[in-house]
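Welcome! Please take a moment to look over the model below, and then read on for a short tour.

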Amino acid sequence: MKELKLTKYIGPSLIHLFFWLFTIVSLVPFILVFMVSISSEDSILQNGYSLFPSHISFSAYQFLFNDFSEIAKAYGVTILTTVVGTVVSLLITALFAYPLSRPDLPFRRTLSFYIFFTMLFGGGMVPWYITYVNMFDLKNTIMAMIIPNLLLSAFNVLLMRSFFASSIPESVIESATIDGASELKIFFSIVVPLSLPIMATIGLFNTLSYWNDWYNCMLFIDKPELYNIQYLMTKTLTNIQYLLMKSNSSAQVGDLLAKMPRETVRMALAIVGIAPLLFAYPFFQKYYISGITSGAVKG
Amino acid sequence: MGKLSHFRRSLKKYKWLLLMTLPGIVYLFINNYIPMYGVILAFKNYNFVDGIWGSDWAGLDNFKFLFNSQDAYIITRNTFLYNFVFILLNLILSVFVALLINEIKEKVISRFYQSTFLLPHIISMVVVAYLVYSFLNADSGLVNRLLIKWFGSEGISWYGEPKYWPYILVIVNAWKNVGYLSIIYFASIIGIDKEYYEAATIDGASKWKQMTRITIPLILPVITTMTLLAVSGILRSDFGLFYQVPMNTGALIPTTNTIDTFVYRAMIQSGDIGMSTAAGFYQSVVCFVLILVANTAVRRINKRDALF
């Protein structure tokens, strides 16, 4: 009896302790990067990176904001590709998923297999790359960062199909058809408004993957003015000089490099790069969690 | 004749619905089906001037070249072993975490935990590379500074020593994915009918008994599906994890090279189209076979959970 009380008492607090540790482990790397970004360069050279910097200084941010053009351009590319990509991919996904959810559609099984097979077998990266570069000439175009991600996964289509099939009452569609509404009208004015939860989920997944994409930029883009923010970050992590690329004269670059707070400016760029995501996270985490959850329990 | 006109009528009736699928059909054709055809490059001596059609046939030379090199063995071993450890470790950790979240009755606090440990999952591998660098870079990284301060040791050149990377990559992978996986398992735990637990409590079953006799057996189908799906992709790897996180460092290649990074390097850095296509083809075929095997296995266990 005594033992039972003890486990009752210890159990929950141990669980909370575990989760606090887990939370700390999840957050500490972000805090470290942030702390380094607001440290003075001297304190880094002396004491290394620290969660508790001895001298706080915003010179790294000043350096970045002094000439924001490079970062602003990369942001612009990221925002453009994210907005266009998300909207178009959501449209293509929904337009493909909706007919598949109609039980009487001709070729329904063929169309399902057509998309499903892409989950099973792929040509691999090289033929895929050559298709885009040689057949469609997408190298060094904004499109190269939009098109390859459009149908992220066949899985999204299947997820949406199950949502349509289970949540749109057959009778609503039937009565709209009797009233003489066209299929397109039914889709846009009845199906889409009734499907906002799944639209939000898939839209969020797409937004995140466009925002986080560096792979397509690395593969298809050579021109620095077309770099997105993730790829600018990649380049800068290994070679700090990439931040200064707009300067044409190498003497000028050398001069700027000498004045640059190297260690802290890297981390400041990382913070500038993830800040929008971190600020938006509290607002979308609810939908994100329910999105993952709805994907897990397959309908 | 009647059948045909019925078919025509139904085509006409569904004309708009069929047209709606057209963008998706065209897109999949370009993005997925043309590259499938492109695997014939694995059997050709590709040159950019003659293109896919015009280049000379090479027979199995690309494959011979690939499998006679040391690389084929190393990249297969790395990809396979890393994924094996990832699958096992992530499964244990995430089911454990899911069982624990389920014990937290305060909804607000549970939500808070879930959103913080999901945070690593939403960031890109580029950011992860920054985070890892802030811990491991040789001069000022947190780990070395602490090693020097606490143990008076020299500090380790993390980006120069391949032997540490299997551990680093396993930790980074778990850090990024356990939160996400545990939420999937947690979702299926919530889906369990409360009546089972009520009945068990009346029968006097302890928490532990309830967990081992009710919760785990009832989420086993989800665990099986997730695991078999992961197993079927055991020759694929997270390119970002193996390329970005080690910062494409040459010295680390012995322990960080996987089939995906090998294919990328062979194509971009050495321009060897034939061999890199062959490596990708080898990966796709093995994965395809594994998916078929995994699916058959799932069907045997529980038909409902099968992929197809």
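The report below covers confidence, the contact between the chains, a pair of helices and the salt bridges.

## How confident is the prediction?

Keep in mind that this is a predicted model. Its overall scores are ipTM 0.91 and pTM 0.91. Chain B has a mean pLDDT of 91, with 99% of its residues at 70 or more. For chain A the mean pLDDT is 88, and 92% of its residues reach 70 or more.

Among the elements of that chain, the lowest mean pLDDT, 72, belongs to helix 13 (residues 250-259), while helix 11 (residues 215-220) has the highest, 96.

## Where the two chains meet

Now let's turn to the contact between the chains. Chain A brings 95 residues to this contact and chain B brings 93. Together they bury about 8,500 Å², and carbon and sulfur atoms give 77% of that area. On the side of chain B, three residues supply more than any other three: B:M20, B:I122 and B:Y130 account for 10% of the area that chain B buries against chain A.

How many salt bridges are there between chain B and chain A? The count is zero.

## Two helices side by side in chain A

Next, find helix 7 (residues 154-167) and helix 10 (residues 196-211) of chain A. Their axes come within 10 Å and cross at roughly 170°. Because angles over 145 degrees count as roughly antiparallel, helix 7 of chain A is roughly antiparallel to helix 10 of chain A.

Which residues meet here? From helix 7 of chain A come A:N156, A:L159, A:M160, A:F163 and A:F164, and they meet A:P197, A:I198, A:M199, A:I202, A:F205 and A:N206 of helix 10 of chain A. By class, this contact has nine nonpolar residues, two polar ones and no charged ones.

## A salt bridge within chain A

Over all chains, the structure holds three salt bridges. One of them joins the side chains of A:R102 and A:E183, at 3.2 Å from N to O. A:R102 sits in the loop between helix 4 (69-101) and helix 5 (108-120) of chain A, and A:E183 is in helix 9 (residues 183-194) of chain A, so this pair ties together parts that are 81 residues apart in sequence.

How values were computed. Residues are numbered from 1 along each chain as its sequence is written. Chains are lettered from A and ligands numbered from 1 in the order in which they are written. This is a predicted model: local features need pLDDT of at least 70, side-chain atom pairs count only at pLDDT 80 or more; totals for chains, interfaces and linings use all residues. Side-chain values use heavy atoms; hydrogens and water are left out. Axes are lines fitted to C-alpha atoms, for helices over the stretch in contact, and angles run from 0 to 180 degrees between N-to-C directions. Helices (H or I, at least four residues) and strands (E, at least two) are DSSP runs, numbered from the N terminus. Angles under 35 degrees count as roughly parallel, over 145 as roughly antiparallel, 65 to 115 as roughly perpendicular and the rest as oblique. Contact means heavy atoms within 4.5 Å. Ala, Val, Leu, Ile, Met, Phe, Trp, Tyr, Cys and Pro count as nonpolar, Asp, Glu, Lys and Arg as charged, and the others, Gly among them, as polar. pLDDT is the predictor's confidence in each residue, from 0 to 100. Buried area is the accessible area (1.4 Å probe) that two parts lose on being put together, summed over both. A salt bridge is a side-chain nitrogen of Lys or Arg within 4 Å of a carboxyl oxygen of Asp or Glu.
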